Amino acid sequence: MTGQTKRRALISVSDKAGVVDFARALVERGWEVLSTGGTLSALTGAGVAATAVSDITGFPEILDGRVKTLHPSIHGGILARRDAGHLAELDAHGIGTIDLVCVNLYPFRETVARGAAFAEAIENIDIGGPAMIRAAAKNHAGVLILVDPADYELALQDEVNEADRRRLAAKAYRHTSEYDAAITAYLDGTSDVIPIQLPQTLSLELSRVAEVRYGENPHQPGAIYRWGAARGPVLDARVVAGKPMSFNNYADADAAYALCSELAAQETEAGDPRLVCVAVKHGNPCGVAVADSVQAAWEQARDADTLSVFGGVVAVSGPVDLAAAQAMRGTFLEVLIAPDVTPEAVEWFAARKPDLRVLIAASASAVSVLDLRPIAGGFAVQERDTRPWADLCPEVVTARQPTDTEWADLRFAWGVVKHARSNAVVLARGGVTVGLGAGAVSRIWAAERAVANAGERAVGAVLASEAFFPFDDVVRLAAGAGVLSILQPGGAKRDPEVIAAANELGLSMVFTGSRHFRH
């Protein structure tokens, strides 16, 4: 051999948490530590004896550090099997074994997430690191591979068994696989911009960020994952009061906040400073309102359907103060999410509604616009339905024109019905939903449910449907309930009959030319 008497560890990490103490413990146990760049500086600066990789290779780092560990003296020492043939070959070339590789990678995902320029993102694609990780993982029978500081203590044992070595190798390959998936998504354009076309291969880099007791039902295990480096208002929300979030809480809160944010943007675009409250139950809006304050918006959304809001999830577009908090006193809710909650309100919730999960929404980074639906053996993939009202060209197709008030309500109802499960029909009046029918297998059934839900409040309301009317039955039902104006995509074979019925009954009808199925 080369006269090597000590076991050798190569340490080169981007995440330096705990690395100095780990390296010091290795040296105290008789290991020789090799290192590079910033890690070498951190170790020697802390008084830990470490040898530069360039001293082993006899070749300096070149190309601004792009090439430093890609050398036979490094990869030969990692990849050699610990048998007589390979060890003799190493000895013939003056190469020593490397028995532990501790590497984690350049912060590519973090660089992209903070909006760095393309050139900077490219420079944060690690090359030597993945090569060393994969080599060590392949040869895990003889080399310990560490990509996670949580495993440092395990590596300090006198012996690491075969099962743990295999587990560390699997973690290492997962580490590089997720890293490559993030790079693939970025270069494909699916990580932060709408792709021109869906890619031939779609890589999903998912990392678990939260544990939940179970999934939709107690017999289903569940967990919450992040896609790449994306951030989400619910995924990264701060829980300031209440119990831990459940699987269904995450899903409903995400649905509620998405609709709340879209309606708030719609109000801002229209020059209206009003605030929005959205109540969701099982993924469907059940009460939505815009008003001059969070408290008023909540009270109107609650009163829109007091039965369905029980046990619901609520999102609001403005800060929750003590008065708004106290207005929720008499209603059982699962989750409240808002852009901010005052300390007085947090204290009140903690004391008076200890089971209510109170979330302060996080600022969302650029996230993938892809919407994935699982099917047996794969996924159905599409771009998210993010089409705004401003992208439509509404056309009045009846003799009667909507009034200004009706136009405002039609726009509001369209925003809501776009987020309801198909078939969906929404009745609204004065910036409040008064009747919702969602998830029906027939459009007339959805309309009947919405009208029944509204009761007398349907008089003077508007109606929005996420898809066209195949018959004139919804028009006649709406007119009989007192609805004044209807908004729908249009495009059915019987459109002339539907329009004729609206004219006959004195309703105004608007075609948007844009369907919004949500299955």
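Biologist: In which helix do R166 and E162 both lie, and how many residues apart are they?

Modeller: Both R166 and E162 belong to helix α10 (residues 162-188), where they are four residues apart, about one turn of the helix; helices here are DSSP runs of H or I with at least four residues, strands are runs of E with at least two, and both are numbered from the N terminus. This is a predicted model, in which local features need pLDDT of at least 70 and side-chain atom pairs count only at pLDDT 80 or more, while totals for chains, interfaces and linings use all residues. Residues are numbered from 1 along each chain as its sequence is written, and side-chain values use heavy atoms, with hydrogens and water left out.

Biologist: What forms between R166 and E162, and how far apart are the closest N and O atoms?

Modeller: Side chains of opposite charge can pair when their charged atoms come close. R166 forms a salt bridge with E162, with the closest N and O atoms 3.3 Å apart; the term requires a side-chain nitrogen of Lys or Arg within 4 Å of a carboxyl oxygen of Asp or Glu. By this rule the count comes to 22 salt bridges.

Biologist: Is R166 buried or exposed?

Modeller: Buried means under 20% relative accessible area, exposed means over 50%, and partly exposed lies in between, using a 1.4 Å probe and protein chains only. R166 is exposed at 52%, and E162 is exposed at 58%. Another salt bridge, at 3.4 Å from N to O, links the side chains of R274 and E267; here R274 is partly exposed at 25%, whereas E267 is buried at 9%.

Biologist: Which side chain meets that of D303 in a salt bridge?

Modeller: The side chain of R302 does, at 2.9 Å from N to O; D303 is partly exposed, with a relative accessible area of 44%, while R302 counts as buried at 19%. Elsewhere, salt bridges that share partners join D148, D151, D164, R167 and K171 into one network.

Biologist: Why is strand β9 largely enclosed by the rest of the structure?

Modeller: In a regular strand the side chains alternate between the two faces of the sheet. Strand β9 (residues 275-281) is largely enclosed because five of its seven residues are buried.

Biologist: How many bridges join β9 to strand β10?

Modeller: Two strands pair if DSSP finds at least two bridges between them. Seven bridges join β9 to β10 (residues 284-291), and the two strands run antiparallel, with L275 having A291 as its bridge partner in β10. The two strands form a hairpin with two residues between them, and H282 in the turn has a positive phi of about 50°. β9 also pairs in the antiparallel sense with strand β11 (residues 312-316), over four bridges, and A279 stands opposite V314 in β11.
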